[in-house]
Amino acid sequence: MNKDKTIETAALQKKLVELIQNFESELSRDDLRQKVLSLIPVFHTLRNLGKSLIARQDAASARDRILYYFRKYPFTIIKGDELLVVSAIQEYARRVRELRVQFGWSIISGLTGKEMAEEGEFPLENVDGIKMKPDDYLLLSIEQDKEAAFRWNVANEIRKRKDAVRSKILEYFKRNVGEAVTGEELRYVANNKSEWARRVRELRTEYGWHIVTKNTGRPDLSVGSYILESLEQSPEHDRCIPDPVRGVVLRRDNYACVQCKWNHALWNPSDPRYLELHHIKEHVEGGENTEENLITLCNICHDDVHRKKKA
Ligand SMILES: [Zn+2]
Ligand SMILES: [Zn+2]
């Protein structure tokens with residue numbers, strides 16, 4: 001701590017003691033209002049005293065002071081009241097959320113920590129997650145996840161729009177094409193409306209967007225991850241395939257193109273393919289969305305098949 005800072009803190013401490021001492025004279029009087037009014041400067045001084053503990057050049061704003069404190073004590077359960085002291089603001093919880101969501105700091109809340117611990121998934125051995133209280137916090141990584149931060153930034157921007165939930169979700173996917181996004185992010189983009197999951201399915205099955213999950217084309221993905229594989233929608237005639245049928249066909253064909261045998265393990269940025277389902281008997285000719293009438297093709301072979309059909 002620098003010298004000026006120490007002087008400032010000491011001065012505030014002295015002032016606080018004086019204010020408390022002066023309050024003694026109020027105690028003998030019978031004027032409630034006067035007592036309350038004389039405690040106001042005590043509150044303000046106490047707040048400034050807490051704020052003075054972190055130097056201004058280290059952290060200028062309330063949010064910066066909170067981050068400074070977390071980074072000084074990572075992997076440690078921090079009580080909300082500690083953040084109240086260093087931030088000197090009542091709305092410290094909102095600042096914590098901004099650090100997590102807009103800046104990509106992995107700060108979990110007590111509720112999340114406890115829920116993780118109950119599932120045996122608490123990531124730290126030397127901390128008892130079960131004991132976390134709702135108003136506790138924990139910084140899980142000293143690294144800022146720049147990508148998460150970027151995604152949350154995008155999510156935050158899109159969620160504020162006046163669009164329908166489906167449009168906002170699609171926009172979020174488009175901004176992250178080829179990248180895994182989480183259900184949590186999608187839920188956030190949807191302003192925490194529970195319809196988000198259904199809208200994602202509709203984008204895939206009714207609008208022909210190639211959104212894949214563990215159960216719908218990409219068994220390698222972790223539960224709760226979603227990827228929009230391409231900015232192209234599948235042609236009208238290939239839409240409306242129910243997810244369960246899609247899953248069965250993909251599994252049957254071992255998640256590989258039945259023509260060229262391409263599968264996702266061969267994916268690379270210079271050849272960003274994806275798998276589609278093709279109707280053996282065209283949908284418009286009465287071909288049904290059944291296991292028997294569908295095969296798995298990569299998008300290159302799929303285009304080929306349709307080009308040959310037209311020729
Ligand atoms: Zn087709
Ligand atoms: Zn192929």
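In this predicted model, helix 3 crosses helix 5 in the right-handed sense. Helix 3 spans residues 62–72 and helix 5 spans residues 92–101; the two pack at an angle of about 70°, and their axes lie 9 Å apart. Because angles from 65 to 115 degrees count as roughly perpendicular, helix 3 is roughly perpendicular to helix 5. On the side of helix 3, the contact is made by A62, R63, I66 and L67. Helix 5 contributes Y92, R95, V96, E98 and L99. By class, the residues of this contact comprise 6 nonpolar and 3 charged, with no polar residue among them.

The strands are considered next. Strands of a sheet pair through backbone hydrogen bonds, in either a parallel or an antiparallel arrangement. Strand 6 covers residues 225–228 and is joined to strand 5 by 2 bridges. Strand 4 is paired with strand 6 over 3 bridges. Individual residues locate these pairings: I211 has L228 of strand 6 as its bridge partner, and A180 stands opposite I227 of strand 6.

A further antiparallel pairing links strand 7 with strand 8 (residues 294–298) over 5 bridges. Within this pair, L277 stands opposite T296 of strand 8.

| Strand pair | Sense | Bridges |
|---|---|---|
| Strand 4 and strand 6 | antiparallel | 3 bridges |
| Strand 5 and strand 6 | antiparallel | 2 bridges |
| Strand 7 and strand 8 | antiparallel | 5 bridges |

Methods: Residues numbered from 1 in each chain as written. Chains lettered and ligands numbered in written order. Predicted model: local features only at pLDDT ≥ 70, side-chain atom pairs only at ≥ 80, totals over all residues. Pairing = 2+ DSSP bridges. Helix = DSSP H or I, 4+ residues; strand = E, 2+ residues; numbered from the N terminus. Axes fitted to C-alpha atoms, helices over the stretch in contact; angles between N-to-C directions. Parallel < 35°, antiparallel > 145°, perpendicular 65-115°, else oblique. Left-handed = near helix turned anticlockwise from the far one by under 90°. Contact = placed C-beta atoms within 7 Å. Nonpolar A, V, L, I, M, F, W, Y, C, P; charged D, E, K, R; others polar.
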